[in-house]
Every structure is written in C-alpha cells, then in structure tokens.
Amino acid sequence: MGTSFGRGGATTFQQDLQNSDCIVIQGSNMAECHPVGFQWVMEAKARGAKVIHVDPRFTRTSALADVHVPLRAGSDIAFLGGIINHVLSSDKYFRDYVVAYTNGPVVLREDFRDTEDLDGVFSGLDPDTRTYDTSSWQYAGMEIRAASGERDQDHDRRTDGDSSVAEAARGEAHGAGGADVGGGEPERDETLTHPRCVFQVLKRHYARYTPEAVERICGVPQDLFRQVCDLVTENSGRDRTTAFAYAVGWTQHTVGVQYIRAAAVLQSLLGNIGRPGGGILALRGHASIQGSTDIPTLFNLLPGYIPMPHAHHQQDLDAFVRADAASKGYWGNMRSYLVSLLKAYWGEAATPDNDFCFDYLPRLTGSHSTYETVMSQLRGTCKGYFLMGENPAVGSANSKMQRLGMANLAWLVVRDFSLIESATWWKDGPEIETGELRTEDIRTEVFFLPAAAHTEKDGSFTNTQRLLQWHHQAVEPPGETRSDLWFTYHLGRLVREKLAASTDPMDRPVLDLTWDYPTKGELAEPDAEAVLAEINGYDSSGNPLSSSEQLRDDGSTACGCWIYCGVRADGVNQAARRKPGEQQNWVANEWGWAWPANRRILYNRASADPQGRPWSARKALVWWDAERGEWTGHDVADFKKDKAPDHRPPAGATGPEALSGTDPFIMQADGKAWLYVPSGLTDGPLPTHYEPQDSPFENLLYGRQRNPVRHLLPPHPDNRYQPSGGEPGSEVFPYVATTYRLTEHHTAGGMSRWQPYLAELQPEFFCEVSPELAAERCLEHTGWATIVSARAVIEARVLVTDRVPPLTVHGRTLHQVGLPYHWGPNGYSTGDAANELVHMALDPNTHIQETKAFAVDIRPGRRPRGEGAVELVRAYQARAGIDDRTGTEP
C-alpha cells in the first residue's frame with residue numbers, strides 16, 4: 001500500500017466498516033483471528049451490507065458471510081485480476097475518481113513491454129541476476145526516481161561513485177520514503193483512450209483474467225465469481241463503498257506485495273480509497289504489530305519509515321537527503337524528519353558541524369532479514385542473537401534451519417514468558433532426537449531472561465488501524481521478570497558504563513546517545529511516558545510538539561518518530577484518552593490517538609470531488625468550507641487545512657507546497673493513487689499471477705511459472721525446493737497445504753500453550769482434510785497423518801471436515817490440507833510444528849516467507865522417529881529428483 005498510496009498503514013479503521021455497503025474479507029479469517037474488530041463487520045451486515053469471504057477453508061467468518069468463495073491457496077491475484085478485468089471491460093469503474101485522483105491518465109514510455117508482450121515478464125528483466133531494470137517502466141518524458149531506500153542503494157551508480165553496497169541489498173529498500181517524480185508534469189490523456197496510458201495498459205494486462213481463467217486457476221465456479229463481481233461493483237461508486245480486509249493470508253507469499261497491490265488497483269478503480277466504508281484494512285494479528293514496523297523492528301528502516309542509509313563512500317547528510325527525499329509531497333520534508341530523529345538520538349552531541357551525528361547511524365551492506373540472518377549464523381558471521389517476542393525454533397519458515405543457525409552461535413539471549421522452544425532446542429529439539437545435533441557438541445551459550453506481560457508494565461499498543469492506546473501497569477512483575485523497556489535501558493546503561501573511559505571513536509555513537517530516562521520504583525523501571533515524550537518530540541525549549549509540520553531541519557526540534565508527532569500534544573498523553581463513543585461523533589477521534597495527526601481515514605481528501613464537495617451526502621467525510629477557508633468534516637483532513645481545491649502550486653514549488661488542491665495522496669510526489677507503479681517495486685508495475693514456489697500446477701496464464709525475481713536464499717541441503725507444475729517429480733507432492741491460526745492459541749504458542757484452559761480447548765496439533773482426501777489416502781478421523789515436504793516430515797491428528805472442500809483446478813481435483821501453526825514440543829499442549837515443512841523462498845520486496853501455499857504429500861499413520869524421519873525426507877527428495885538446483889529457475 002505504500003507504493004500505491006504513499007503509506008504502508010491501513011487506509012481506514014475497523015469501526016468504519018459499519019459504514020460499508022460491501023465487505024470483502026480475503027487473506028484473513030477475521031471472525032476467529034480478529035474477533036473484537038469483527039463486530040463492526042456484523043454491524044455493517046445488520047445495516048444491510050453484503051459480506052464476502054474468500055478463503056480455502058470454510059471458517060466462522062465464512063459462516064457469518066453472505067457469500068463464501070473457496071479458492072486454491074496461492075491463486076488470489078488471478079481472482080482479483082478477474083474482478084479488475086470485469087470492472088474495466090464492463091465500464092464499472094468510477095471514472096471521475098480515476099481521472100482526477102489516480103495515475104490512470106498518465107502515458108508510459110514507448111519501450112515499456114508488459115507481460116502480454118513477453119509471456120509473463122516485464123521489460124528490463126535480467127534473468128542472471130534475477131532483477132529488473134525499471135527504466136522502461138517510467139512515464140513518457142520523465143523519470144520516476146524509485147522509493148527512497150532504493151534511490152539510496154543506487155546512489156553510487158547515479159553519482160559515478162564507488163559502491164560498497166552488496167547486490168544482496170536490492171530488495172529490502174523498496175517502498176520506504178516514497179518515490180520521486182522528476183521535474184515537469186507527465187503527459188496525460190484524460191479521455192483514457194491513449195494506447196500507452198496507464199488505463200489502457202491496465203485493460204490489456206488483465207484482459208486474459210476472464211471468468212473462465214479464474215475458474216481453471218482458482219477453482220472458483222464462474223457463476224460464483226460473477227456474483228462476487230456484481231456485489232463489489234454494485235456497492236461502489238458515488239453513493240456506495242466497498243471495503244477490503246486482509247491479513248497474513250495475503251502477505252506470506254512470494255508475490256505477497258502484489259496481492260495487496262491488486263486490491264489497491266481494484267479499490268482505486270472503484271473510488272473506494274479515502275471514503276467512509278471503503279479502503280483497505282490491513283488486519284494485524286497482534287496488539288502492536290503495526291507499532292513494531294512504525295518505530296521499527298525492521299532492519300532496513302528508521303522510525304517513521306525513513307530508509308536506513310546504505311554503505312557508500314563519502315556520503316554525508318546532504319547527499320543522503322538529496323538522494324532520498326522526494327522533491328514533491330510530504331516526503332520532501334525528509335530532512336526535517338531525519339534531523340529531528342538524530343537530535344532525539346544524540347541530543348546536544350548532534351550539531352550542524354557534525355551533520356547531526358548522521359555518521360553514527362549504522363549502514364546497510366545487504367539484506368539482514370531474519371532468513372538471511374539464519375544463513376549468516378550458519379556461515380559463522382553472526383555470532384550473537386537476541387530473541388525478544390519471537391520463537392523461530394517453531395514459528396519461522398523451515399524451523400530446522402532456524403535451530404541449526406542458533407546451534408552455530410556463540411551466545412543467544414531469549415526473553416519470553418515461558419521456556420519456549422527457542423530457549424530449549426539445544427537439549428530437546430527434533431535434531432537431538434534424529435542425531436543431527438548433540439547437546440554436548442553445541443557451544444551456544446543460551447541465556448533465558450523472563451519477560452513481563454503487558455499487565456506488568458506501562459506502555460502503548462499501536463494496533464491494526466494505526467491507533468495508539470495506552471495501557472497502565474496493573475501489578476509489579478514477579479521475581480526476576482522484567483519489561484523489555486527495563487532490559488533495553490539497563491543493558492544500554494551497563495554498556496555505556498563499561499565504555500565510559502574509552503577514547504576509541506568507534507564507541508562515541510554509544511556514549512553520545514541520550515540515555516537519561518527517569519526511572520521509578522524498586523526495580524528502577526524506566527518511565528514509559530518519558531519515552532513517549534521523546535518519540536512525540538519537543539522544541540529547543542523542551543516544549544512538546546503538536547504536529548510533524550513543526551519539525552525543522554536546523555536542529556531546533558527533536559522527534560523520535562515523526563509520524564507519532566502529536567501523540568503528546570499540549571503535554572497530554574493523547575494515547576490514554578478514553579472518551580465514550582456516545583459522547584463524540586462516529587469517527588471517535590478522542591479515543592486514543594492515531595497516526596498521522598490523529599486522522600482515522602487516510603487520503604480522505606478523496607472523499608470529496610475535485611471542487612471539494614462530497615461525492616455524495618451519504619458518503620460525506622471531509623469537505624471544503626469556502627466561508628471559513630478550510631477543510632472541515634467528521635475526520636481530521638488528510639490535507640493541508642487551508643489549501644483550497646483550486647490551488648495550483650507556483651512554478652518551482654517543492655515539498656508539500658508542490659501539491660495542488662486536487663492531490664489527495666499527499667505522501668506521493670504526484671499526489672495520485674498509483675494504479676501502475678513506475679518505480680519502487682522489485683517485481684513489476686502491475687500485479688501478475690505466478691504460481692507459488694512449490695506448486696502442483698503449471699501457470700495457465702503465462703509461460704513463466706514463478707515470480708521471476710522472487711528472493712531465493714543460497715542453496716542449503718535443509719532448504720530444498722520442490723519441482724512444480726509439469727516438471728518431473730512434482731507429482732510426488734500432489735496436495736496444497738496452507739497454515740493458519742486459531743482463536744484459542746496465539747502465534748507460535750509461546751503464550752497460549754502454557755495456559756491449561758487454552759490447552760484444554762485445543763489440546764493437539766491437527767490437520768484439516770476433506771472426506772474425499774481422507775478416503776483417497778485412508779486417513780481416519782482423530783487418527784494420525786504424516787505430512788511430508790522436501791524439507792521435513794511432521795505428524796498431526798486428522799480432522800476430517802467439509803470445511804476444506806476439494807476444488808476442480810486445471811480440470812482435475814485438488815485437495816488442500818489445513819495446518820494450524822501454533823504447536824511445538826513445549827508446554828501443556830504439544831505437537832509438531834507446521835513450519836517445519838515450509839521453504840525459505842521470500843517475497844522480493846519484504847523478505848516475507850511463503851507459508852500460505854506450498855505442496856505436500858499426506859499419508860496415514862505416525863511419522864518415523866529418530867534417523868527414520870531424516871531418511872523418509874531423503875527418500876521423497878530422491879523420488880522427486882530434487883537437488884540444489886530444483887526450483888531455482890528464474
């Protein structure tokens with residue numbers, strides 16, 4: 001969504017679903033995985049909205065939906081592409097919205113070639129390096145400089161410098177900081193008829209995504225598919241809006257970013273972005289998953305989605321900003337955001353004379369995702385590892401690789417509520433049983449430090465709708481249990497004390513940090529509100545800031561995360577507000593605080609027409625008040641408050657001032673929603689159907705089987721890929737498996753499997769199979785099944801159910817296997833981990849694993865023990881003809 005609209009966060013909020021006329025839930029089992037938010041879906045249904053659930057399994061969400069659409073896991077782009085084709089071929093798009101607020105009218109370069117021209121790839125593909133040169137993807141007559149992290153990575157090529165950036169860094173930089181539109185205005189055809197305008201390219205691209213193709217690829221009958229098309233289009237337009245909600249069922253694929261892009265294309269064509277009851281809701285499965293990307297825990301970003309600098313020779317702050325800041329839109333203020341962040345980090349030590357300590361920031365030399373970190377552990381270059389809130393020994397793809405990597409560390413620190421598998425693998429992990437590891441040979445020193453629960457500490461959650469909500473400590477943490485804030489602060493304090501006498505310049509970044517947070521109580525717990533105050537920011541006099549508009553690039557402001565600026569406006573913890581809903585309007589913006597600027601629906605300038613009038617009274621959100629000379633309405637306008645609809649920027653304007661009064665997408669340099677992405681994604685400007693990495697089916701749309709630039713890790717004997725489609729050996733793994741979560745358990749089970757009540761509710765790992773598959777493979781209900789991939793073998797109890805119906809795909813019957821992913825060998829409720837089966841092939845933009853669609857075999861009975869388990873996997877590899885080259889073709 002960042003490349004489509006300018007920000008990666010959900011465009012709307014859960015309560016707004018009550019205003020929807022149609023809700024499509026796809027890539028999520030919202031009723032079971034987000035039950036609190038699902039109440040607003042039910043509220044919408046009670047008001048007459050239609051609810052559509054698209055999912056391989058019939059779940060509680062399906063049971064409450066008007067329409068359930070079972071489809072093959074891994075085929076969502078074909079399904080969404082079919083809807084896009086229907087919208088375009090039937091003239092169901094919102095024309096006025098598309099012309100005014102998207103790049104649909106923009107004309108592309110003559111040398112651009114689509115998948116229609118090149119049988120499944122775009123122009124610029126280098127199959128040897130598995131990369132695209134995006135120069136031919138640009139607008140006619142101008143260059144779109146890619147997302148800022150990518151621009152920084154490419155700095156040396158553009159400046160004829162000597163690059164020290166590894167090629168491996170190519171993917172992780174995309175999408176951060178926004179793309180930049182070069183000088184001038186792009187050529188436009190507002191009749192949408194120019195053969196090279198985005199709109200016409202879009203029509204040609206999706207022309208082959210017919211109902212017949214959807215049926216053959218996805219297994220969705222044409223009548224059911226057409227019913228979905230009618231419901232979505234009939235409930236979109238001036239007077240009606242449709243919302244999409246997704247979760248990790250979309251993100252965890254080798255084309256996961258493009259799944260979300262497909263929804264963005266569809267919602268932009270239908271005019272559903274920025275409007276009540278519309279938008280795309282990215283459902284986060286944990287209380288602060290959104291916050292962990294905002295602040296962030298991602299290796300390639302600084303707080304607020306500022307890109308982390310890459311390793312260049314002689315790059316100072318000015319050079320970085322020149323390379324990365326957009327010339328137009330709010331990313332044009334990047335220097336103010338970054339300098340204020342540096343002042344928050346290094347305080348008085350950060351001065352104009354030393355570039356505000358810009359050289360203190362670490363530099364990227366490649367991708368450092370969790371999966372490449374595993375490879376670094378195996379190579380011996382990563383020697384120490386902190387695990388905080390993660391359980392990769394069972395919770396990450398190819399769990400065996402995770403454990404082997406940890407077995408090669410010098411030290412490992414695990415902070416959790418209980419002795420999770422990542423703390424005990426060295427004595428009771430599967431490799432101990434098989435003999436692949438011996439406890440006495442493992443030299444990793446493991447430290448387990450108990451972590452405090454949220455009830456035992458102050459702090460904030462940032463949830464799925466960008467909403468910060470403050471929680472107050474209820475009880476003191478028991479025994480040696482400590483909060484993450486306590487651990488991080490006191491670890492930093494001790495390190496600084498040990499380095500205090502150092503004269504080594506390498507130690508200055510640590511010694512110069514602002515590390516003077518007040519503490520309280522017998523445990524010397526850092527004051528969480530003081531941390532929030534630093535994140536919010538303050539001026540040179542120490543006064544709290546109220547808006548990111550106040551940030552300056554001269555060092556006079558400090559701000560730990562520019563998108564959170566305002567959360568302590570007037571010195572008040574806005575995240576702690578709890579004004580009842582009946583005492584405010586339906587947007588309820590006095591409950592907590594949402595980034596940015598406490599607005600709840602992003603891009604809401606698009607809820608009004610170019611003249612500033614609501615598209616319809618029924619869907620009014622914000623509008624231009626000519627008498628007062630400002631934007632007003634139910635929500636905080638996502639627009640400069642006093643910028644009139646007829647405003648046109650003066651010549652040479654930069655930053656936010658370069659946007660006109662009809663540019664709602666203010667984080668984009670051109671102010672438009674991007675139907676077509678000319679730069680900023682590694683794998684194409686338009687979503688395209690490719691088969692998953694391991695698939696029993698050929699790609700029926702193109703000659704190209706898989707995403708040609710998917711991220712594959714270096715070959716390793718424990719991360720083998722499988723043959724796909726018509727390749728010899730693919731028949732060895734004839735079924736499609738998908739993982740999912742249960743209401744009763746949480747993520748990898750580190751919290752829930754140690755709770756006796758939850759363990760009683762879901763006591764054993766199981767697999768869901770249809771009665772037809774059970775008969776085909778002699779599987780007995782409540783009996784045992786053995787499930788095998790090229791990586792591992794696991795066992796599960798059998799749940800025979802109609803909830804996973806067989807589909808007709810490519811003219812033959814497909815059976816799918818459902819696997820909840822919460823289990824491991826520790827706790828009250830134990831079992832094998834579903835993630836043992838999964839490969840480490842990743843989305844090239846985000847480095848997210850493909851756990852939602854992979855091929856397996858299933859057979860009755862329990863799996864072998866000891867060396868027998870290893871031998872069974874090797875036997876399957878031999879039958880399928882698998883070697884280190886299998887599945888690695890572009």
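Which residues line the largest cavity? The lining consists of Lys-457, Asp-458, Gln-473, Lys-520, Glu-525, Pro-526 and Ala-528, where a lining residue has an atom within 4 Å of a cavity point. A cavity is a set of points, on a 1 Å grid over the protein atoms alone, where a 1.4 Å probe fits but cannot get out. The volume of the largest cavity is about 40 Å³, and the structure holds two cavities of 30 Å³ or more. Grid points are joined across faces, edges and corners, and a volume is the space filled by probe spheres set on the points.

The model is predicted: local features need pLDDT of at least 70 and side-chain atom pairs count only at pLDDT 80 or more, while totals for chains, interfaces and linings use all residues. Residues are numbered from 1 along each chain as its sequence is written, and side-chain values use heavy atoms, with hydrogens and water left out.

**Domains and cores**

The domain assignment, which is automatic or taken from a database, gives domain 1 (1–105 + 209–285), domain 2 (287–380 + 466–597), domain 3 (608–664) and domain 4 (711–880). Taken over C-alpha atoms, the centres of domain 3 and domain 4 are 51 Å apart.

The largest nonpolar core has 109 residues, and Phe-5, Ile-52, Val-69, Phe-79, Val-220 and Leu-269 have the most contacts inside it. Helix α14 (residues 256–269) gives the most to this core, with nine residues. A separate second core of 56 residues includes Leu-302, Val-321, Val-567 and Leu-621. Such a core is a set of buried Ala, Val, Leu, Ile, Met, Phe, Trp, Tyr and Cys residues joined through side-chain atoms within 4.5 Å. Buried means under 20% relative accessible area, exposed over 50%, and partly exposed in between (1.4 Å probe, protein chains only). Leu-269 touches, among others, Ile-84, Phe-94, Phe-199 and Leu-675, not counting residues up to four places away in sequence; contact means heavy atoms within 4.5 Å.

**Strands**

Helices (H or I, at least four residues) and strands (E, at least two) are DSSP runs, numbered from the N terminus. Two strands pair if DSSP finds at least two bridges between them. Strand β33 (residues 854–860) is mostly covered, with five of its seven residues buried.

| Pair | Bridges | Residues opposite each other |
|---|---|---|
| β25 (735–740) and β33 | three | Val-736 and Ala-855 |
| β27 (784–788) and β33 | four | Thr-786 and Arg-859 |
| β15 and β16 (467–471) | four | Thr-462 and Leu-468 |

The order β15-β16-β21 describes an open sheet of three strands with antiparallel pairing. Because β15 (459–462) and β21 (593–594) each have a single partner strand, one side of each is left without a neighbour in the sheet.

**Backbone exceptions**

Most residues other than glycine have a negative phi, and most peptide bonds are trans. The bond from Trp-595 to Pro-596 is cis, with omega near -10°, and Pro-596 is in the loop between β21 and β22 (622–625). Ala-597 is found in the loop between β21 and β22; this residue has a positive phi of about 60° and is partly exposed at 36% relative accessible area. The bond from Ile-295 to Pro-296 is also cis, with omega near 0°. Cys-357 has a positive phi of about 65° and is buried at 3% relative accessibility.

Key:
On a 1 Å grid over the protein atoms alone, a cavity is a set of points where a 1.4 Å probe fits but cannot get out, and a pocket is an open set with protein on both sides within 12 Å along at least five of seven lines; lining residues have an atom within 4 Å of a point.
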